[in-house]
Amino acid sequence: MILDENWFQQMEARIPHDGVRTRFAPSPTGYMHVGNLRTALYTWLIARRAGGKFLLRIEDTDQGRLVEGAVDLIFSTLRSCGLQWDEGPDIGGPVGPYVQTERRDLYRKYAELLIERGHAYRCFCTEERLEALHRDDPNAKYDRHCLSLTPEEIQKKLDAGEPYVIRQRIPEGTTTFHDAVYGDITVDNSELDDQVLLKSDGLPTYNFANVVDDHLMGITHVVRGSEYLSSAPKYDLLYRAFGWEVPTYVHCASVMITDPETGTVRKMSKRKGDPSYEDLVSMGYLSPAVVNYVALLGWSPRGEIAEQEFFTLEELARVFDIGGISKSPSAFDLEKLTYFNAHYLRAMSPEEFAGLARPYIRQAVQNPAYDADAIAALLQARCEKLTDIPEKVDFFDALPDYGVELFTNKKSKCTPEVSRAMLEAAIPALEALPVWDQERIHGALVSLAEQLGVKNATLMWPVRIAAAGKAVTPGGAVEICRILGKEETLRRLKLGLEKLGAAGGAPSI
């Protein structure tokens with residue numbers, strides 16, 4: 001293959017040199033798991049902090065693992081998290097295309113360039129030979145069988161149309177590379193395999209394509225999981241073989257989770273059923289809460305903001321620094337995420353919360369007579385996840401079948417007998433109300449408690465239990481009665497009185 005030097009020069013001339021340029025380069029193989037989201041977030045934050053560019057590139061060379069619709073899911077996930085890209089498959093840019101299979105023709109040229117420079121070679125080994133090589137030792141490195149082929153033997157095989165891959169030729173000695181998190185790391189090259197760069201179908205491997213694309217797209221910072229540290233020396237050798245500048249590596253320690261079945265701590269994995277971003281949203285978590293929490297999975301703010309927990313995306317973009325990334329694995333904790341989510345729900349305006357809560361309320365409260373926004377107002381201070389809502393409010397549509405034991409509450413000084421007396425007094429007091437609103441309901445019940453010589457809680461507890469049929473409710477007796485309406489409230493209070501039995505002697509209250 002005759003290489004056109006002018007073509008390579010033209011490719012170099014296209015590379016932007018306009019400051020920090022980062023990229024998120026997912027494979028469209030399914031949902032966005034938490035580790036992927038963190039990589040995208042840190043990559044975006046590094047670019048935004050420096051006033052640089054954030055690129056989206058789709059790495060789809062592993063055709064066997066592609067999932068239909070995954071690219072659209074990547075787009076929607078990044079957008080819903082606020083991680084808008086400056087260049088990408090849908091909006092283009094100066095160094096496109098931004099989908100690897102659309103760039104396949106250029107990879108062979110760069111692989112051939114490496115062959116010409118002595119940093120790569122053609123390998124004609126059959127699958128059978130490679131399987132035999134690994135039969136006794138699955139971790140055995142390639143034995144460089146084809147490196148010894150003469151130019152004449154290679155040409156003969158090419159003329160015969162024998163399929164081949166192109167492998168990287170690892171030099172002798174050691175390779176030292178620098179990572180912004182882990183510092184300088186030195187590896188003995190004898191530990192490295194002559195990895196495949198170009199497959200027999202002409203498509204590049206991930207390890208080759210990402211190096212070529214990162215250079216041609218002018219990427220200055222590469223963020224990825226620490227599991228790629230072992231591959232970094234091979235990437236470094238490729239950059240040096242081409243004579244290219246090595247970008248800043250930022251390797252992030254794994255996100256760990258306690259396995260719910262075994263109790264062991266392991267790396268988060270979608271294959272193990274751990275929640276993806278989409279799962280978390282479907283579980284009732286808000287995108288801003290997820291993004292805030294994920295940012296702190298492996299990164300800690302420093303200086304004056306060292307104790308700060310809650311950050312908007314804009315605040316993160318101002319304060320995020322690579323120096324705050326930890327070498328130690330982080331632990332994903334749903335309870336901690338729930339704590340973050342509750343904060344975000346309560347920080348919303350009532351109108352914004354009502355808009356989000358309404359569909360969840362209507363899953364359980366389908367009676368249009370009940371004001372969903374009024375119910376939302378009860379929920380906002382008592383809700384941790386949106387998916388908690390239906391179970392909290394289902395009593396509005398249908399009074400649950402509850403037991404008399406709910407009327408007993410030591411703190412409110414309530415027993416079934418006391419509760420019976422309270423309902424006997426509350427029903428006529430509420431029936432007498434000419435206008436059914438919160439102020440009058442509250443006034444009537446507070447006044448009645450004073451007349452009866454009991455604390456407000458002693459009266460409110462049985463009224464709320466009879467109205468809702470639940471020990472725990474969003475909102476107190478007054479709010480629930482107001483939303484239920486006069487007729488339904490009185491019907492439920494009378495049913496509660498029936499549960500408690502006919503009035504006997506006056507109880508001690």
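**Strand pairing and cysteines**

Ile257 stands opposite Arg266 in β11, a pairing found in what is a predicted model. The strand β10, residues 255–258, is joined to β11 by three bridges, and the two run antiparallel. Together with β12 they form an open sheet of three strands in the order β11-β10-β12, with mixed pairing. Because β11 (265–267) and β12 (330–331) stand at the edges and each has a single partner strand, one side of each is left without a neighbour in the sheet.

Strands of a sheet pair through backbone hydrogen bonds, and they may do so in parallel or antiparallel fashion. The parallel sense is seen where β8 pairs with strand β9 (residues 248–252) over five bridges, and here Val223 stands opposite Val250 in β9. Strand β8, which spans residues 221–225, is mostly covered, with five of its five residues buried. With helix α8 (residues 232–242) between them in the listing, β8 and β9 make up a right-handed β-α-β unit.

How many disulfides does the structure hold? The structure holds zero, and the cysteine sulfur atoms show why in the case of Cys125: its closest cysteine sulfur, in Cys146, is 3.6 Å away, which is too far for a bond, given that a disulfide requires the two sulfur atoms to be within 2.5 Å. Cys481 is likewise in no disulfide, as the nearest cysteine sulfur, that of Cys414, lies 14 Å away.

Definitions and conventions
Residues are numbered from 1 along each chain as its sequence is written. This is a predicted model: local features need pLDDT of at least 70, side-chain atom pairs count only at pLDDT 80 or more; totals for chains, interfaces and linings use all residues. Side-chain values use heavy atoms; hydrogens and water are left out. Two strands pair if DSSP finds at least two bridges between them. Helices (H or I, at least four residues) and strands (E, at least two) are DSSP runs, numbered from the N terminus. Buried means under 20% relative accessible area, exposed over 50%, partly exposed in between (1.4 Å probe, protein chains only). A crossover is right-handed if, with the strands pointing away from the viewer, the path from the first strand over the helix to the second runs clockwise.
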